[in-house]
Amino acid sequence: MQETFPSVKNILLLDSEGKRVAVKYYSDGWPTLSAKLAFEKSVFAKTQKANAGTDAEIVMFDGQIVVYKFIQDLHFFVTGGEEENELILASVLQGFSDAVERLLKNMVDKRTALENLDLILLCLDEIVDGGIVLETEGREIAEKVSGHGSEGASSAEQTLVNALTQAREHLAKSLLM
């Protein structure tokens with residue numbers, strides 16, 4: 001008996017014109033940049049007419065399950081294979097959008113997203129690794145990305161503090177050996 005893990009093929013964050021804000025592909029189903037852009041354009045066109053709002057919607061598209069929702073001028077998409085569980089894909093979508101809302105302090109729009117693109121890309125890394133779903137709880141994702149809630153510190157300061165902490169631990173281990 002072979003175990004299977006919940007997986008996604010891609011996570012897309014597009015603007016209200018269907019242009020990329022942040023995207024991550026975990027499948028070889030779109031081998032070239034032009035294939036990826038064509039998929040994004042097609043899925044955007046298919047879902048643009050829908051009135052998804054802040055509730056997740058599900059659609060079958062090109063043999064894939066696409067779960068999506070819109071928040072202001074951002075369109076969130078999670079794609080999985082036709083054999084994937086829609087509820088798991090919806091929980092990935094919800095976790096991603098919740099984490100983005102928390103990190104952007106409820107100012108979810110294209111401009112703020114682009115200004116904080118590093119945090120959004122880190123969210124994607126915390127949610128999925130190589131297509132395998134790691135985390136779906138928005139609060140947990142946001143805490144991991146923001147450095148476990150270091151209030152008042154900028155992202156660069158948090159990164160520096162994390163690097164210094166790791167260097168100190170590494171030095172202590174090497175001195176004890």
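These are my notebook entries on a predicted model of one protein chain.

**Entry 1: the chain as a whole**

I began with the secondary structure. The chain has six helices and seven strands. I then read along the sequence and wrote down their order as β-β-α-β-β-β-α-α-α-β-β-α-α.

Next I looked up how much of the chain is buried. Of the 177 residues, 39% are buried. For the surface, I noted an accessible area of about 10,300 Å². Carbon and sulfur atoms account for 52% of that area.

I also checked which parts of the sequence touch. I took the contacts between residues at least 6 apart in sequence, and 50% of these join residues at least 24 apart.

**Entry 2: salt bridges**

How many salt bridges does the structure hold? I found seven. I looked up several of them in turn.

I started with R20 and E40, which form a salt bridge with their closest N and O atoms 2.9 Å apart. R20 is in strand β2, residues 20-25, and E40 is in helix α1, residues 33-48. The two are 20 residues apart, and the pair links distant parts of the chain. Is E40 buried or exposed? E40 has a relative accessible area of 2%, so I put it down as buried.

The next pair was R111 and E115. Their closest N and O atoms are 3.4 Å apart, and they form a salt bridge. Both residues lie in helix α3, which runs over residues 110-115. They are four residues apart, or about one turn of the helix. R111 is exposed, at a relative accessible area of 57%.

I then turned to K144 and E135. This salt bridge has its closest N and O atoms 3.8 Å apart. The cut-off for a salt bridge is 4 Å, so the pair counts. K144 is partly exposed at 36% relative accessibility. E135 has 18%, and buried means under 20%, so E135 counts as buried.

R139, E140 and E143 are linked by salt bridges.

**Entry 3: positive phi angles**

I looked for residues other than glycine with a positive phi, and noted two.

D62 has a phi near 55 degrees. Where is D62 found? D62 sits in the loop between β3, residues 57-61, and β4, residues 64-71. Its relative accessibility is 62%, so D62 counts as exposed.

N106 has a phi near 65 degrees. I located N106 in the loop between α2, residues 86-103, and α3. At 59% relative accessibility, N106 counts as exposed.

I finished with helix α4, residues 117-127. Which residues of this helix are buried? I listed L119, I120, C123, L124 and I127. They cover an arc of only 145 degrees around the axis, so they are on the same side of α4.

Notes:
Residues numbered from 1 in each chain as written. Predicted model: local features only at pLDDT ≥ 70, side-chain atom pairs only at ≥ 80, totals over all residues. Heavy atoms only, no water. Buried < 20%, exposed > 50% of the residue type's maximum accessible area, 1.4 Å probe, protein only. Contact = heavy atoms within 4.5 Å. Areas by Shrake-Rupley, 256 points an atom, 1.4 Å probe, with all protein chains shown as cover. Salt bridge = Lys/Arg side-chain N within 4 Å of Asp/Glu carboxyl O. Arc of directions from axis to C-beta.
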